[in-house]
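Dear colleague,

Please find the structure below, handed over for your study.

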Amino acid sequence: MRVQTTIEIFEYWNRIRGAADAPLKAQVEPSAVPHLLQSLFILETREEGNIGFRLAGTRICDLFGRDLRGARFSSLWANGQHADIERTAMGVMDHVLPALFNATGYSTVGHQASFEIIMMPLRSPGGTCDRLLGAIAPTAAASWLEIVPLEFLALDRSRLLPGKFGNAEAAELRPINEIVAAKSPGFGQVMRRMVSQLLTSAEAR
């Protein structure tokens with residue numbers, strides 16, 4: 001994680017959740033992170049069984065040249081990645097595991113830019129994780145992003161984030177492997193890849 005926006009919102013999420021695995025959605029106070037709001041989004045599960053934008057910051061909407069409220073999250077991604085992205089987002093909620101994505105954004109005229117995208121689970125009053133707090137931010141400034149809209153994002157890599165940044169304990173990963181074994185092959189492949197990348201990152205440190 002190297003973009004200030006994603007670092008700050010992850011630290012905020014960790015702070016408000018305290019000892020819990022995820023904070024309540026009512027604990028999220030926009031006034032606490034006013035400088036990040038333009039780059040933040042909230043996703044929710046819908047009756048149709050997919051995941052859509054409940055809220056999207058103005059900077060995110062500007063990136064894609066449209067209002068994203070109500071849009072399906074997978075619609076931002078390359079066609080071949082729709083199913084994996086949606087399954088992974090659902091997995092973040094189902095298993096209370098924040099995740100970080102590195103993606104390349106492609107404009108309608110062929111420009112490219114790199115992005116960090118973070119997704120963190122939020123609990124409803126009943127205890128169910130049915131929403132995600134997240135952020136999308138470019139890894140480097142690019143003047144064309146203010147003029148030419150993105151056509152789609154393509155996933156480059158993804159990884160699970162430890163409960164506290166920089167402290168990836170092996171004990172935290174064991175339940176993930178058990179979860180993967182009980183899920184569909186498609187979900188398993190996505191989550192196994194993310195776990196493998198997290199382990200590789202931890203060993204490198």
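How many aromatic pairs does the count come to? The count comes to seven aromatic pairs, where rings of Phe, Tyr and Trp (its six-membered ring) pair if their centres lie within 6.5 Å, and planes under 30 degrees apart count as stacked, over 60 as edge-to-face and the rest as tilted. The pair of F10 and W13 is stacked, because the ring centres are 5.9 Å apart and the planes stand at 15°.

Before going further, please note that this is a predicted model, in which local features need pLDDT of at least 70 and side-chain atom pairs count only at pLDDT 80 or more, while totals for chains, interfaces and linings use all residues. Residues are numbered from 1 along each chain as its sequence is written, and side-chain values use heavy atoms, with hydrogens and water left out.

F10 and W13 are three residues apart in helix α1, and therefore about one helical turn separates them. Helices (H or I, at least four residues) and strands (E, at least two) are DSSP runs, numbered from the N terminus. F10 is buried at 1% relative accessibility, and W13 is likewise buried at 1%; buried means under 20% relative accessible area, exposed over 50%, and partly exposed in between (1.4 Å probe, protein chains only).

A further aromatic pair, F53 and F73, is edge-to-face, with 5.8 Å from centre to centre and 65° between the planes. This pair links distant parts of the chain, since F53 is in strand β2 and F73 is in the loop between α2 (58–64) and α3, 20 residues apart. Both F53 and F73 are buried. Ring pairs also join F41, F53, F73, W77 and F101 into a cluster.

The strands deserve attention next. Six of them form an open sheet in the order β2-β1-β5-β4-β3-β6, with antiparallel pairing; two strands pair if DSSP finds at least two bridges between them. The edge strands, β2 (51–56) and β6 (150–160), each pair on one side only. Strands β3 (residues 99–107) and β4 (residues 112–123) run antiparallel and are joined by eight bridges, and L100 stands opposite I118 in β4.

Finally, L132 lies in strand β5 (residues 129–138) and is buried at 0% relative accessibility. Leaving aside neighbours within four places in sequence, L132 is in contact (heavy atoms within 4.5 Å) with residues including F41, A89 and M119. L132 and M119 are 13 residues apart in sequence and 6.0 Å apart in space, C-alpha to C-alpha.

Yours sincerely
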